[in-house]
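Here is my note on the model you sent. Please keep the structure open while you read.

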Amino acid sequence: MYAIQRQTLAPERPICYEMLDRNGERLYTAERTDPLLDLNQQRMQFLDRAGEPIAQLIPPEGRNLWRATGTYAIILTGEDEPRYTIDQTYSLVDRILLRAPHYNLHARGVHYAARGSRHGEHFYELFDDKDAHLGQITRPSRGPTYLIESEAPALLQLPLLIAALAIVLDLELAAAEA
């Protein structure tokens, strides 16, 4: 289980996130690297426990009104190509029907899916490529902003990707509410 704690200037202006393990120890901090006044950009830098940069979360470019789709890239420090990607699919029909966006996560040739529900018990549920349930992301009423619950070893070995997904979900939610 992981917890994500958001720090904000205002409810729709997230500026920093902390990812904690099940013992409450900080694994990562993610900070905005773009100017705070630019709400359209969502570039984040991940720092390890010592405050050293380990990765960048790069948002998609050129999104449009009809299909808010795009790929977020997670590029590790010192690498040129993304190690992980998060594809967002959100059509106009999804918006009209008030559905949550769908996300596909790609890591080391393995694919995962995150499906959300605006009114369900879980904020997002995580599945493998065979549609087996691996875990969920919840928004508790008290405590951390998000809880990521999973006992699946595959997901537990990818805390950076899971943290990036929770941050993308939060940034997209904040942008929709702004």
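Predicted model: local features only at pLDDT ≥ 70, side-chain atom pairs only at ≥ 80, totals over all residues.

1. Aromatic pairs. How many aromatic pairs does a search of the whole structure find? The search finds four. One of the aromatic pairs is Phe123 with Tyr124, and its geometry is edge-to-face. The centres are 5.0 Å apart, and the planes make an angle of 85°. Planes over 60 degrees apart count as edge-to-face.

2. Burial of that pair. Phe123 has a relative accessible area of 12%, so Phe123 is buried. Tyr124 is buried too, at 2%. The cut-off for buried is under 20%.

3. A stacked pair. Phe123 also pairs with Tyr146. Why is this pair stacked? The planes of the two rings are at 25°, and the ring centres are 5.7 Å apart, so the pair is stacked. Phe123 lies in the loop between strand S9 (110-116) and strand S10 (124-128). Tyr146 lies in strand S12 (residues 146-150). The pair therefore ties together parts that are 23 residues apart in sequence. Both Phe123 and Tyr146 are buried.

4. The cluster. Which residues form one aromatic cluster? They are Tyr103, Phe123, Tyr124 and Tyr146.

5. Charges over rings. Look at Arg139 next. Its charged end sits over the ring of Phe123, 4.4 Å from the ring centre. Arg115 has its charged end over the ring of Phe127, and here the distance to the centre is 4.1 Å.

6. Thr85. Where does Thr85 lie? Thr85 is in strand S7 (residues 84-89). Its relative accessible area is 19%, so Thr85 is buried. Neighbours within four places in sequence are left aside here. Beyond them, Thr85 is in contact with Thr71, Tyr72, Asn104, Leu105, His106 and Leu161.

7. A nonpolar patch. Val93, Ile96 and Leu97 make a nonpolar surface patch of about 300 Å². Leu97 is placed in the loop between helix H1 (92-96) and strand S8 (102-107).

8. Positive phi at Arg108. Arg108 is not a glycine, yet its phi is positive, about 50°. Find Arg108 in the loop between S8 and S9. Is Arg108 buried or exposed? Arg108 is exposed, with a relative accessible area of 54%.

9. Positive phi at Asp131. Asp131 is not a glycine either, and its phi is positive at about 70°. Asp131 lies in the loop between S10 and strand S11 (133-138). Its relative accessible area is 45%, so Asp131 is partly exposed.

Conventions. Residues numbered from 1 in each chain as written. Heavy atoms only, no water. Phe/Tyr/Trp six-rings, centres within 6.5 Å; stacked < 30°, edge-to-face > 60°. Buried < 20%, exposed > 50% of the residue type's maximum accessible area, 1.4 Å probe, protein only. Helix = DSSP H or I, 4+ residues; strand = E, 2+ residues; numbered from the N terminus. Lys NZ or Arg CZ within 6 Å of the ring centre and 35° of its normal. Contact = heavy atoms within 4.5 Å. Patch = residues over 30% accessible without salt bridge, like charges linked within 9 Å, V, L, I, M, F, W, Y side chains within 5 Å. Areas by Shrake-Rupley, 256 points an atom, 1.4 Å probe, with all protein chains shown as cover. Salt bridge = Lys/Arg side-chain N within 4 Å of Asp/Glu carboxyl O.
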